[in-house]
Amino acid sequence: MADTQSARSIAYTRAPFSTWLGIVCLFGLFGLIVLAVIGPSPRTSDYEETRAKKRMEKLKTLHEESQKELTTYAWVDKNKGVARIPIDRAMEVTVADLAQKKPAPAGPIATPAAQTAPAGASPAPAASQQPGTAQQGAAGSSPPSAIAASPSPATQQSPPVPASPAPATTP
């Protein structure tokens, strides 16, 4: 029992004063290093002001370049004969070109040709019905005369397409 008490007293001995003093000195040294690094940096808003000035200079040069491209003549590709002209001149040329052209009358709108089904494909159930015939649902709830009496665009069908159409020729 005496051995266990002596082992406890050795395990719980206090650290010497020099250890505590060393730890405090390390924290102080770290603080001095941080102060030396951060100290010389500016603490005012000069940094943000210089960034704002640089942004304004970049914006100004970009605006000047854009204005130069819009208002001067230059070659885009000299080998192909492509040139850039000022936008005001381009608008004048376009208006003069359009003024010389006579407007053409609008013709009828071409409707797409009826598409034929391939020979091996079966036609859709709605396409196989004749126009004016009634379609009954699975339950057969509506009488055929009611549907035939009031045709709607959804119930009107185009004429059936033949099963094996001749190949289409284009003029």
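## A charged pair in helix 4

E92 and R89 sit three residues apart in helix 4 (residues 87–100), which puts about one helical turn between them. Helices here are DSSP runs of H or I with at least four residues, strands are DSSP runs of E with at least two, and both are numbered from the N terminus. The two side chains form a salt bridge, with 3.5 Å between the closest N and O atoms; the term asks for a side-chain nitrogen of Lys or Arg within 4 Å of a carboxyl oxygen of Asp or Glu. E92 is partly exposed at 48% relative accessible area, and R89 is partly exposed too, at 39%. For reference, buried means under 20%, exposed means over 50%, and partly exposed lies in between, using a 1.4 Å probe and protein chains only.

## Reading the model

This is a predicted model, in which local features need pLDDT of at least 70 and side-chain atom pairs count only at pLDDT 80 or more, while totals for chains, interfaces and linings use all residues. Residues are numbered from 1 along each chain as its sequence is written, and side-chain values use heavy atoms, leaving out hydrogens and water.

The pLDDT, which is the predictor's confidence in each residue from 0 to 100, averages 74 over the protein chain, and 57% of the residues score at least 70. Please take care with residues 131–155, where pLDDT stays under 50 and the model has 15 contacts beyond four places in sequence; a contact means heavy atoms within 4.5 Å.

## Overall layout

The protein chain has five helices and two strands, in the order α-α-α-β-β-α-α from the N terminus. Of its 171 residues, 1% count as buried. The chain exposes about 15,600 Å², with carbon and sulfur atoms supplying 64% of that area; such areas come from the Shrake-Rupley method with a 1.4 Å probe, and for residues only the protein chains shown count as cover.

## The other salt bridge

The structure holds two salt bridges. One of them joins the side chains of E48 and R51, at 3.7 Å from N to O. E48 and R51 are three residues apart in helix 3 (residues 46–71), so about one helical turn separates them. E48 is partly exposed at 41% relative accessibility, as is R51 at 38%.

## The hairpin

Strand 1 (residues 74–77) and strand 2 (residues 82–84) run antiparallel and are joined by three bridges; two strands pair if DSSP finds at least two bridges between them. W75 stands opposite A83 in strand 2. Four residues lie between the strands of this hairpin, and G81 in the turn has a positive phi of about 80°.

I38 belongs to helix 2 (residues 17–38) and is partly exposed, at 42% relative accessible area.
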